[in-house]
Amino acid sequence: MEGIYQKDKIRFSIRNKILMLSALVALPFLGMVVYLLISMADYSNTYDQIVRNMTVANNYNLNFKEEMDESLYKLVVGYVTFENISQEETLKNPYSLIEELRDAFTELMDITTEEESRMWLESLLRNIDTLEKRVDDIVESVSAGGRYDENIEMLDNNIYILTELIQDDIQYYIYYQTRAMESVNNDLNQQINRFIVICSVLIGVMVVVLITAAVVITSGILRPVKELYQVTGRVAQGDFKARAMIRSNDEIAVLAQGFNNMAGNIQSLIDKIKEDEQKLRKTDLRLLQEQINPHFLYNTLDTIVWLIESNETDQAVNMVVTLSDFFRLVLSKGKEFISIGEEERHIRSYLEIQEMRYRDILEYEIRIDKNIYGFQILKLTLQPLVENALYHGIKYKRAKGFIHVNGEREGDIIRLTVRDNGVGMEEEELIQLQKEIERPCKETEKGFGLANVNERIHMYFGPEYGMKIDSRKGKGTKIEIVIPAIKAGEEEQ
């Protein structure tokens, strides 16, 4: 079905476009060539006909008068008779000469179209008829005998004059045929001039039309190819949402549709892979996150055992209750998001337990604006920060230390800070830690808990949110968390 659909979409194929362009180039030139050939053939036929007519007329112009005059003269003087005249090689029967002349020029009369030439042909044919009558008179007179002088006079006054007139008619016919040939040449020259002008104009128009057609047709082919090339480059760079919008109704449009379908399928596969990877990553992060708690639990249980052994049962009971509250908030019924109020109770429970263990070196203060208690936060966001402040800041100070936790809303974001006055870090160590927390937590060499928190914030809220660390050696460390202000219970975006 897809193949049929694609064939139906091809309304004007590239092959047809190229053929149309070729036809636009070839047909006008073919038309000019055909016109030129027809004109030349017509001129050639007319010219050849005139030449044939002149050749026929010229043959009789050279021979007829001489042969007729000689033959009739020798008949009159008795050199030959009508019975034996045909036996003489140099003489011809006058009637045969007249018949040949009449047949030849009657045929010329049928094919001659030029008016003045026809007029002289008509005169010639009339003179031939008259000549035939005068020949009859001479034949009759010769047959009667004894009339030599009269016959000579008839030759001089009739025959020679008529043959002279016939020769004049032939010469005038040849003259006007020559003029007709000149007219044909003039017509041919005019046709050639007109043809040159028409060809020049036509070639100019054709050049404009062909350039326009070539630009339109080649643009219709190259523009979709260029667009498809650009979209292909965008897809190659990772923009799988790029689509080629081609409506050329040819093979390129079908190719673009197939490319769009391919890009869409690749995008769907990538989205599915990303979704699966994100789910897997979230699972890994939660598993890694849970690894934080056993270490804290072991130490707390050791402290409880030590308190019981020291008969400080009230403090042991308080620690057990606080530990119970801590883990109740850690579990949070499996929820990934809790309210900031719950997170505040969670770190408070944690710090109360740690304060019992490190009463000589630890003091803390939590000042989170109650107005942001109802906003959501990823579970175990602040606890790793507080733990980092205690174990890497206060504990190594070996003196009284303070941990301050603050939280407030600033427009569409919530800013949470954990600050201590512990040992702090050198600049190189700080730079190294800042790089570490931006890496996947599985790849970190130090700051595992902080990297875990930062990576989860990036994953759930986006790269514009996350963690910022500032520290000075001997002055302490400040860790700042920025998350979007989203009411607890709202659908995760």
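Mentor: A residue is called buried when its relative accessible area is under 20%, exposed when this is over 50%, and partly exposed in between, using a 1.4 Å probe and protein chains only. The structure is a predicted model, in which local features need pLDDT of at least 70 and side-chain atom pairs count only at pLDDT 80 or more, while totals for chains, interfaces and linings use all residues. Residues are numbered from 1 along each chain as its sequence is written, and side-chain values use heavy atoms, with hydrogens and water left out.

Trainee: Why is arginine 102 called buried?

Mentor: Arginine 102 has a relative accessible area of 16%. That value is under the 20% limit, so arginine 102 counts as buried.

Trainee: Which other residue forms a salt bridge with arginine 102?

Mentor: Glutamate 132 does, with closest N and O atoms 2.7 Å apart. This pair links distant parts of the chain, since arginine 102 is in helix α3 and glutamate 132 is in helix α4 (residues 115-144), 30 residues apart. Glu99, Arg102, Asp129 and Glu132 are linked in a network of salt bridges, and the structure holds 11 salt bridges.

Trainee: Why are glutamate 99 and glutamate 132 called partly exposed?

Mentor: Glutamate 99 has a relative accessibility of 37%, and glutamate 132 has 25%. Each value lies between the two limits, so each residue counts as partly exposed.

Trainee: Why are the buried residues of α11 said to line one face of the helix?

Mentor: In helix α11 (residues 427-436), Leu430, Leu433 and Glu436 are buried. Seen down the axis, these buried residues fall within an arc of 120 degrees, so they line one face; the arc is that of the directions from the helix axis to the C-beta atoms. The face turned away from the buried side carries the exposed residues Glu427, Glu428 and Lys435. The buried residues pack against α12 (448-461) and β6 (466-472), where contact means heavy atoms within 4.5 Å.

Trainee: What makes β6 and β7 a pair of strands?

Mentor: Two strands pair if DSSP finds at least two bridges between them. There are 7 bridges joining β6 to strand β7 (residues 476-484), so the two strands pair; they run antiparallel. In β7, glutamate 480 is the bridge partner of lysine 468. The hairpin has 3 residues between the strands, and glycine 474 takes a positive phi near 85 degrees there.

Trainee: Where does leucine 380 lie?

Mentor: Leucine 380 lies in the loop between β3 (376-378) and α10 (383-394). Its phi is near 60 degrees, a positive value in a residue other than glycine. Leucine 380 has a relative accessible area of 1%, so it counts as buried.

Trainee: How many helices and strands are in the protein chain, and what percentage of the residues is buried?

Mentor: The protein chain has 12 helices and 7 strands. Buried residues make up 41% of its 493 residues. Among contacts with a separation of 6 or more, 72% are between residues 24 or more positions apart.

How values were computed: Helices (H or I, at least four residues) and strands (E, at least two) are DSSP runs, numbered from the N terminus. A salt bridge is a side-chain nitrogen of Lys or Arg within 4 Å of a carboxyl oxygen of Asp or Glu.
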